[in-house]
Amino acid sequence: MNRRQEASEVMVAERKGGLWLLAGALFLLALVSMAVGKYAGPSEIVAALRSAASGQATDPVLSTVLWNVRLPRVAGAILIGAALAAAGATYQGLFRNPLVSPDILGVSGGASLGAVIGIFLSLPVIAIQAVSFAGGLLAVAAAYAVGMAIRGRDPALTLVLAGIAVGALVGAGISLIKILADPYDQLPAITYWLLGSLTAITRLDVVSILPALLVGLVPLVLFRWRMNLMTLGDEEAQTLGVDTRLTRAVLVAAATLITAAAVSVSGVIGWIGLVIPHIARMLVGPDFRRLLPASMISGSAYLLVVDMLARSIALIEVPLGILTAAVGAPFFLWLLASGRRAWQ
Amino acid sequence: MTLEIRGLAFGYGERTVGADISLSLATGEVLALLGPNGAGKTTLFKTVLGLLPVKAGDILLDCKPLSAWSRRQRAKRIAYVPQAHAALFPFTVLEVVLMGRAPHLAPFSSPGARDRRIAMEALAGLGMAHLATRPYTEISGGERQMALIARALTQEPSILVMDEPTANLDYGNQMRVLSHIRSLAERRLSVVLSTHNPDHAFLVADRVALLHASKLIALGSPREVLTAAALKQLYDIDVVIGSIDGSKARLCAPRFAAPLP
């Protein structure tokens, strides 16, 4: 083995070490996040854990706060942050565009329209989530069908443009329902949902999105190296033996599934899928084998932090969409201005 | 014989760009394709690479129609070297070169130590080993072209298809790329390349094909084919062809209507 090769092995090892560091940081953040909030601070949490460990009865209110409010919230932030960031990293590579986010094909729009219709019809929460999930998948399926029907020169570009058109249509639908909705009861619920929140998340919500997240993650993990080839563009990837149509279809379906699942319980949380993959790329490089785990961990950590802010900076809960944009947009501008080579 | 094209018509969708093309490529042969802008060189290459369907006639790879090969099997025989382009994401040079291993790997697997060794050997063979860990986005155009050649070699193909391998390179890099193409041919690789520079065809090509007005108008050794008359027909430019004392290479010099300075 020559010196250069050794150097490259060392670099790979360093990048792997970076992933473990990130995972450790996420674990610590999750612990801190369990202990932040109005009802119980760190000292109460430690006391509760101590009494639970010694078999004594804990304060029932405290244990409700811990296990039924905070745990689902922390777990939800971890899952949803990871899901949105993984989908973002996938779409950015797949469409060869670093400014693409998980809602590029209209998945968030479709899921929003579904949820808004659900709220408008006063459906139960679980039904709203189901309609929202279906809406997200339908919107992307529509964009995909249109994109495939148009035999353009660049299939990726056609797909993105079809997604933008479908997103606009869906947006019109949302606006229409907002006008028709009851302004005292339904409209605030709709507005709140459209800005994203983990306030009302339950353990059942977390468990119910797990299967879709896992199923969607499997192709991303299996195609983790092939994904790099998709960033070369269709023709080059094809000359390297890749079936780009099939690969793109599978990966779009997978990323859509996890986005729709996440959005169906949390509402629309923007910016994570756009910004986090850039940060992950700066940390571990563009190789999807490391980019995927790094994006997921960073996405989880980011949403944990933002959710902690959401429940602690003001008397009322601040919707997450407002915070992710308020933190994400300036950061993104800094990224652009500082000329960091996360993309060329 | 590795590649044979018989009575080929090619083009996009409904449009036929070229027709009645017949040529063959022998093992270890360098074939240069010349033609004015829009003559269909790139379209012909895309058809040979299986990116566009054959409209009429046959393309035979090892005596078997191109369409009978799977995409992966084809990628093990024919490798494509695109024009040096800017990559979107800052992959390292080694990561880019490793992508050439794709046709040899199962869909769900990643390159291993053996693939890494093949990629490093390809880089070292082109004098590029020292750039392995550099981001592909930060090296020069000439180095990118070399990295893409290394990627193609990592596919372990028998045929290289190169789309204007000297375009956008400075004079030194042009000559280095051409000299590497010659040494690839010495190693029994067949190369098809397109170029806009007749001098380059003189330097590397065993045979030259001229594509003009959707037809193959000449095919043969550079000396036979690249005549002043042929270049006049191709580019509508008057040239003189000769050689300079001390160099074996034949060169092509233009004759302008206006007096030279």
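Residues are counted from 1 along each chain as its sequence is written, with chains lettered from A and ligands numbered from 1 in the order in which they are written. Since the model is predicted, local features need pLDDT of at least 70 and side-chain atom pairs count only at pLDDT 80 or more, while totals for chains, interfaces and linings use all residues.

Chains A and B meet through 29 residues from chain A and 29 residues from chain B, where a contact is a pair of residues whose C-beta atoms, placed from the backbone, lie within 7 Å. On the chain A side, helix 1 (3–34), helix 9 (226–230) and helix 10 (234–239) each bring at least two residues. Helix 1 of chain A gives the most, with five residues. Helices here are DSSP runs of H or I with at least four residues and strands are runs of E with at least two, numbered from the N terminus. Sorted by class, the chain A side splits into ten nonpolar, nine polar and ten charged residues. In that tally Ala, Val, Leu, Ile, Met, Phe, Trp, Tyr, Cys and Pro count as nonpolar, Asp, Glu, Lys and Arg as charged, and the others, Gly among them, as polar.

In chain B, six strands make an open sheet in the order 6-7-8-3-9-10, with mixed pairing; two strands pair if DSSP finds at least two bridges between them. Strand 6 (78–81) and strand 10 (215–220) sit at the edges, each pairing on one side only. Direction ignored, neighbouring strands are turned by 15 degrees against each other on average. Strand 8 (residues 190–194) pairs in the parallel sense with strand 7 (residues 159–162) over four bridges. Across that pairing, B:Ile159 has B:Ser190 as its bridge partner, and B:Leu160 stands opposite B:Val191. Strand 3 of chain B also runs parallel to strand 8, again joined by four bridges, and here B:Ala32 stands opposite B:Leu193.

Strand 8 of chain B is mostly covered, with five of its five residues buried. Buried means 20 or more other C-beta atoms within 10 Å of a residue's own, exposed means 12 or fewer, and partly exposed is in between, with C-beta atoms placed from the backbone. B:Ser190, B:Val192 and B:Ser194 point one way from the strand, B:Val191 and B:Leu193 the other way. Helix 9 (residues 228–235) of chain B lies across strand 3 (30–34), strand 9 (207–212) and strand 10, at about 35 degrees to strand 9. Between strands 9 and 10 of chain B, the loop holds B:Ala213, which has a positive phi of about 45 degrees although it is not a glycine. B:Ala213 is exposed, because 12 other C-beta atoms lie within 10 Å.

Back in chain A, the axes of helix 2 (residues 42–53) and helix 3 (residues 60–94) come within 11 Å and cross at roughly 100 degrees. Axes are lines fitted to C-alpha atoms, for helices over the stretch in contact, and angles run from 0 to 180 degrees between N-to-C directions. The two helices of chain A are therefore roughly perpendicular, the label for 65 to 115 degrees. At the contact, A:Glu44, A:Ile45 and A:Ala48 of helix 2 meet A:Leu62, A:Ser63 and A:Leu66 of helix 3. That makes four nonpolar, one polar and one charged residues.

Helix 14 (residues 320–338) of chain A has 19 residues and should span 27 Å at 1.5 Å a residue; its end C-alpha atoms are 26 Å apart, which agrees. The expected span is 1.5 Å times one less than the number of residues. Its buried residues are A:Leu320, A:Gly321, A:Leu323 and A:Thr324, and they pack against helix 7 (186–195), helix 12 (272–284) and helix 13 (288–312) of chain A.

A:Arg96, in the loop between helix 3 and helix 4, has a positive phi near 50 degrees, in a residue other than glycine. With 19 other C-beta atoms within 10 Å, A:Arg96 is partly exposed. A:Pro124 is found in the loop between helix 4 (107–120) and helix 5 (125–149), and is exposed, with 9 other C-beta atoms within 10 Å. A:Pro124 and A:Met282 are 158 residues apart in sequence and 43 Å apart in space, C-alpha to C-alpha.

Terms used
Parallel < 35°, antiparallel > 145°, perpendicular 65-115°, else oblique. Contact = placed C-beta atoms within 7 Å.
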